[in-house]
Amino acid sequence: MTIRLSHSALCLLAGLSALAIGFAGAAQAASASESQARNPDAKVLASIETPTDTTKPAARKPAPVSARGPYYVDFRARTAASWGHAFVWYGKTSERAVEVAGLTPAGDVTTYVLGYVTWVPSETGASYGDLDPEYLTAHYKVYLSEADAKRVFAYIKHLKESSPVWSAEISNCTSFIGDIAEFMGLKTPSRWKRPEAYVNELKALNNGRQVVRLSAQ
């Protein structure tokens, strides 16, 4: 028996198929962008200088790196399938090896979606795309003395070890880097902003200052 479908029925079936394919693709992209984490304790190699600055260039010539400080923390934002992602690079100015810290849900897209309604397990190391300059949308780099860097890096290590869960609404990537910025004495924006907007506002609130000095203990 041959079943003939009307033109409208064929269009409906085609639309439903396209919707299903699109949803599957979006789910895979979200999973890849939000939760593919690498070894959280491993150092990675990357250029410590961002090749393309995402903000307007300063009117005056920047001071040499050696004059700013031997260590740094770089607050960064990148694209992702959903809201984007915020994280930090940190390390020694003279070395290409960098540490990466950020808060992401552990697991696949199912974990990511559940994170919008409840707490889910987290990872705090480098996630997919954190080292690719083509995904970068904003960054704010500040320099530290050796003594201050030891304190800040120890705090980042503590934060990574004491952040076992992720929540899209409460404990997310912007709140994670916000804790680091507050520890460093920087002014911070509202934590419920998209990562790109958060990093750009963090830089604006602090007038783009490039050197941070911690208060005495």
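**Entry 1: helix α5**

I began with α5 (173-183), whose buried residues are Cys173, Thr174, Ser175, Phe176, Ile177, Gly178, Ile180 and Ala181. I call a residue buried under 20% relative accessible area, exposed over 50%, and partly exposed in between (1.4 Å probe, protein chains only). Helices (H or I, at least four residues) and strands (E, at least two) are DSSP runs, numbered from the N terminus. The model is predicted: local features need pLDDT of at least 70, side-chain atom pairs count only at pLDDT 80 or more, and totals for chains, interfaces and linings use all residues. Residues are numbered from 1 along each chain as its sequence is written, and side-chain values use heavy atoms, with hydrogens and water left out.

Why is α5 largely enclosed by the rest of the structure? I found that 8 of its 11 residues are buried, so the rest of the structure largely encloses it. Next I looked up what the buried residues of α5 pack against: β2, β3, β4 (97-101), α4, β8 and α6. Glycine 185 follows α5 and has a positive phi, near 85°.

**Entry 2: the whole chain**

I stepped back to the chain. It has 6 helices and 8 strands. Along the sequence they follow the pattern α-β-α-β-β-β-β-α-β-β-α-β-α-α. Of the 217 residues, 42% are buried. I then looked at contacts, meaning heavy atoms within 4.5 Å. Among contacts with a separation of 6 or more, 69% join residues 24 or more positions apart.

How many of the residues of β2 are buried? I counted 8 of 8. Both faces are covered. Tyr71, Val73, Phe75 and Ala77 are buried on one side, and Tyr72, Asp74, Arg76 and Arg78 on the other.

I checked the pairing next. Two strands pair if DSSP finds at least two bridges between them. β2 and β3 are antiparallel, over 8 bridges. Here aspartate 74 stands opposite tryptophan 89. The hairpin of β2 and β3 has 6 residues between the strands, and its glycine 84 has a positive phi near 100°. β2 also pairs with β7 in the antiparallel sense, over 8 bridges. In that pairing, alanine 77 has alanine 138 as its bridge partner.

**Entry 3: histidine 85**

Is histidine 85 buried or exposed? Its relative accessibility is 1%, so it counts as buried. Leaving out residues up to four places away in sequence, histidine 85 touches Arg76, Ala77, Arg78, Ala80, Leu103, Thr104, Ser127, Asp130, Cys173 and Pro195.

**Entry 4: the nonpolar cores**

A nonpolar core is a set of buried Ala, Val, Leu, Ile, Met, Phe, Trp, Tyr and Cys residues joined through side-chain atoms within 4.5 Å. The largest one has 34 residues. Inside it, Val73, Phe75, Leu144, Phe153 and Met184 have the most contacts. β2, β3, β7, α4 (146-161), α5 and α6 each supply at least two residues of this core. A second, separate core has 8 residues, including Phe87, Val98, Leu131 and Tyr143. In soluble globular proteins, nonpolar side chains tend to be buried together.

I also looked up phenylalanine 153 by itself. Apart from neighbours within four places in sequence, it is in contact with Tyr71, Tyr72, Val73, Tyr90, Gly91 and Leu144.

**Entry 5: helix α6**

Which residues of α6 (195-205) are buried? They are Pro195, Tyr198, Val199 and Leu202. They cover an arc of only 95° around the axis, which puts them on the same side of α6. The arc is that of the directions from the helix axis to the C-beta atoms. An α-helix has 3.6 residues a turn, so residues three or four places apart point the same way. The buried residues of α6 pack against β2, β3, β7 and α5. Just after α6, asparagine 207 takes a positive phi of about 55°.

I found an open sheet of 3 strands, in the order β5-β6-β8, with antiparallel pairing. Its edge strands are β5 (104-105) and β8, each pairing on one side only. Threonine 104 stands opposite glutamate 123 in β6.

Serine 167 lies in the loop between β8 and α5. It counts as buried because its relative accessibility is 6%. Beyond residues up to four places away in sequence, serine 167 touches Gly115, Trp119 and Asn172.
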